[in-house]
Amino acid sequence: MSVTIKDVAKNANVSIATVSRVLAGKKEAYSLATEKRVHKAIQELGYKKNKAAVELVTMKSNVIAILVSTPKTNFAMKIIESIQKNAYKKDLSVIILFVGDNDEETQIKALNTVIERQVKGILLISVELCGDAINLLKNSGISNVFVSTAMSKESKFVSSDDFKIGYEATKFLIHKGHKKIGLSSLEVDKFIGQQRVAGYLSALKDHHIPQNDDWIFDGDYSYESGVASMQYYASQTDITAVIGASDLAAIGIINTAQKLDINVPDQLAVISIDGTYLVDIVSPRITSVTQSFYNMGETALKMLFSKGNESSHIYTSFQIDERESS
């Protein structure tokens, strides 16, 4: 049977209200001697404070919620690691909920869970809310920031500039001498995909290279999508370079190219977007557009509790790291 606050009060010979004040740290309401008696009773009885109950009474919480879309690639790991490490420094706890892939029902369930929990803030990693989930978040009154997803002007977000990512990745391959460049495995009907496609097309235009719709392969950032795109490119196009929309997609492209006796990088140059640890543990090591995911998470947490005139839209830096695949 668990020890209750009533047991602590009886052992310390004080009222339940006094124990509650000690647990809440309201030092003006009790003497030092009383505080010592209560803490001694807590230690002897092994009492554990019910944080959920305290939050319900005080309407305060030290919990932040991370909502993350069902991962098709691994980029979110570094963002979550950063949020957790920096949250713990601020004595904050973290809960993580997966919200599917553009699934309105799952998004609403997850939001209701965190709203009922009286969380201090919500961070949404690569989540594009659908339908009623948008209004549910807006009407919750809970501070929130979108991470790795650029949103409308009404929302706070921390992200890379995906237009520039598409542009710079394409320009890098053009400067390597390529004029037939594929863009693979991204969701072209979603905001991030649209921005990367726009940047890619802009780079082609600025370098007087005609665009070809066959070079853009719609997908979902997954390894399987990379495999499918390479099979398509090999049979339907004569591209000499390809941009994989994620590290996993790029690995799928390279593995499939090798099965088709296409040498990387001699016959096909490959560059990935993300630059996680995966690019260094495959052969050949993959040239990448490396995003600042750790900084993204740290910045988003700061923004969650920012007040005053701080910017509500922040683009974090990225760089191109050349390795063996290009």
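Tutor: What follows takes the helix pairs in turn and then the loops. This is a predicted model, in which local features need pLDDT of at least 70 and side-chain atom pairs count only at pLDDT 80 or more, while totals for chains, interfaces and linings use all residues. Residues are numbered from 1 along each chain as its sequence is written, and side-chain values use heavy atoms, with hydrogens and water left out.

Helices (H or I, at least four residues) and strands (E, at least two) are DSSP runs, numbered from the N terminus. Axes are lines fitted to C-alpha atoms, for helices over the stretch in contact, and angles run from 0 to 180 degrees between N-to-C directions.

Start with helix α8 (residues 162-175) and helix α9 (residues 191-206), whose axes come within 7 Å and cross at roughly 40 degrees. That angle makes α8 oblique to α9; angles under 35 degrees count as roughly parallel, over 145 as roughly antiparallel, 65 to 115 as roughly perpendicular and the rest as oblique. The α8 and α9 crossing is right-handed: a crossing is left-handed if the near helix is turned anticlockwise from the far one by less than a right angle, and right-handed if clockwise. On the α8 side, the residues in contact include Phe-163, Gly-166, Tyr-167 and Lys-171, and on the α9 side they include Ile-192, Gly-199, Tyr-200 and Ala-203. Contact here means heavy atoms within 4.5 Å.

Glu-168 forms a salt bridge with Lys-171, and their closest N and O atoms are 3.4 Å apart. Because they are 3 residues apart in α8, Glu-168 and Lys-171 are separated by about one helical turn. A salt bridge is a side-chain nitrogen of Lys or Arg within 4 Å of a carboxyl oxygen of Asp or Glu, and by this rule the count comes to 12.

A second pair is helix α10 (residues 223-236) and α11, which pack at an angle of about 40 degrees with axes 7 Å apart. They are therefore oblique to each other, and α10 passes α11 in a right-handed crossing. Among the residues that make this contact are Tyr-223, Val-227 and Met-230 of α10, and Leu-248, Ile-251 and Asn-255 of α11.

Asp-7, Val-8, Asn-11 and Ala-12 of α1 take part, and the α3 side includes Arg-37, Val-38 and Leu-45.

Now the loops. Most residues other than glycine have a negative phi, and most peptide bonds are trans. Asp-91, in the loop between α5 (76-89) and β2 (93-98), has a positive phi of about 60 degrees although it is not a glycine. The peptide bond from Val-264 to Pro-265 is cis, with omega near 15 degrees, and Pro-265 sits in the loop between α11 (247-259) and β9. Another cis bond runs from Ser-283 to Pro-284, with omega near -5 degrees; Pro-284 lies in the loop between β9 and β10.

Finally, Ser-126 is in the loop between β3 (121-125) and α7 (132-140). Leaving aside residues up to four places away in sequence, Ser-126 touches Ser-69, Phe-75, Val-147, Ser-148 and Thr-149.
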